[in-house]
Amino acid sequence: MREDASGSLAASIERAIANENGGDGIEFEENASGNQSAAVDRSATDANGQDGVEFDENGDGDLTASVSRGSSSSNAVSGLRADQQAPGAGTLALTSLTLAGYPPGIAVVAAGVTLT
Ligand SMILES: [Ca+2]
Ligand SMILES: [Ca+2]
């Protein structure tokens with residue numbers, strides 16, 4: 001899911017199965033100015049070639065993300081990735097997740113983002 005140029009991205013995904021893709025399982029990308037507000041609930045994003053779920057907020061704007069009640073295991077790069085570029089603030093809320101099959105520090109990777 002991608003929003004380019006000015007404007008914000010607000011999206012939620014529920015009950016999805018996004019396993020065994022070559023790239024990311026689910027990706028949210030918000031470019032240029034604008035905020036990203038994105039949520040994934042009750043979904044499986046396992047065994048993908050890159051990240052299970054990636055949140056990318058590029059440029060001006062804030063990132064507000066959540067992942068709840070699902071699994072994101074055994075992905076090749078990381079389970080969950082959240083990048084919030086300056087300026088702006090970022091939060092990623094995690095609730096009731098299975099994140100298995102990673103070496104230390106790879107299950108959740110966040111830059112410019114506070115984990116809650
Ligand atoms: Ca934008
Ligand atoms: Ca930003």
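## Nonpolar core

A nonpolar core is a set of buried Ala, Val, Leu, Ile, Met, Phe, Trp, Tyr and Cys residues joined through C-beta atoms within 7 Å; buried means that 20 or more other C-beta atoms, placed from the backbone, lie within 10 Å of a residue's own. This is a predicted model, in which local features need pLDDT of at least 70 and side-chain atom pairs count only at pLDDT 80 or more, while totals for chains, interfaces and linings use all residues. Residues are numbered from 1 along each chain as its sequence is written, and chains are lettered from A and ligands numbered from 1 in the order in which they are written.

The largest nonpolar core has 17 residues, of which V53, F55, A65 and A82 touch the most other members. Two or more residues each come from β3 (26–30), β4 (36–41), β5 (51–57), β6 and β7, and β6 gives the most, with three. Strands are DSSP runs of E, at least two residues long, numbered from the N terminus.

Neighbours within four places in sequence aside, A82 is in contact (C-beta atoms, placed from the backbone, within 7 Å) with F55, L63, A65, G90, L92, A110 and V113.

## Backbone geometry

Most residues other than glycine have a negative phi, and most peptide bonds are trans. R69, in strand β6 (residues 63–71), has a positive phi of about 55 degrees. S96, in strand β8, has a positive phi of about 50 degrees.

The peptide bond between A86 and P87 is cis, with omega about -5 degrees. P87 is found in the loop between β7 (78–84) and β8 (90–98).

Definitions and conventions: Helices (H or I, at least four residues) and strands (E, at least two) are DSSP runs, numbered from the N terminus. A residue is buried if 20 or more other C-beta atoms lie within 10 Å of its own, exposed if 12 or fewer, and partly exposed in between; C-beta atoms are placed from the backbone. Two residues are in contact if their C-beta atoms, placed from the backbone, lie within 7 Å.
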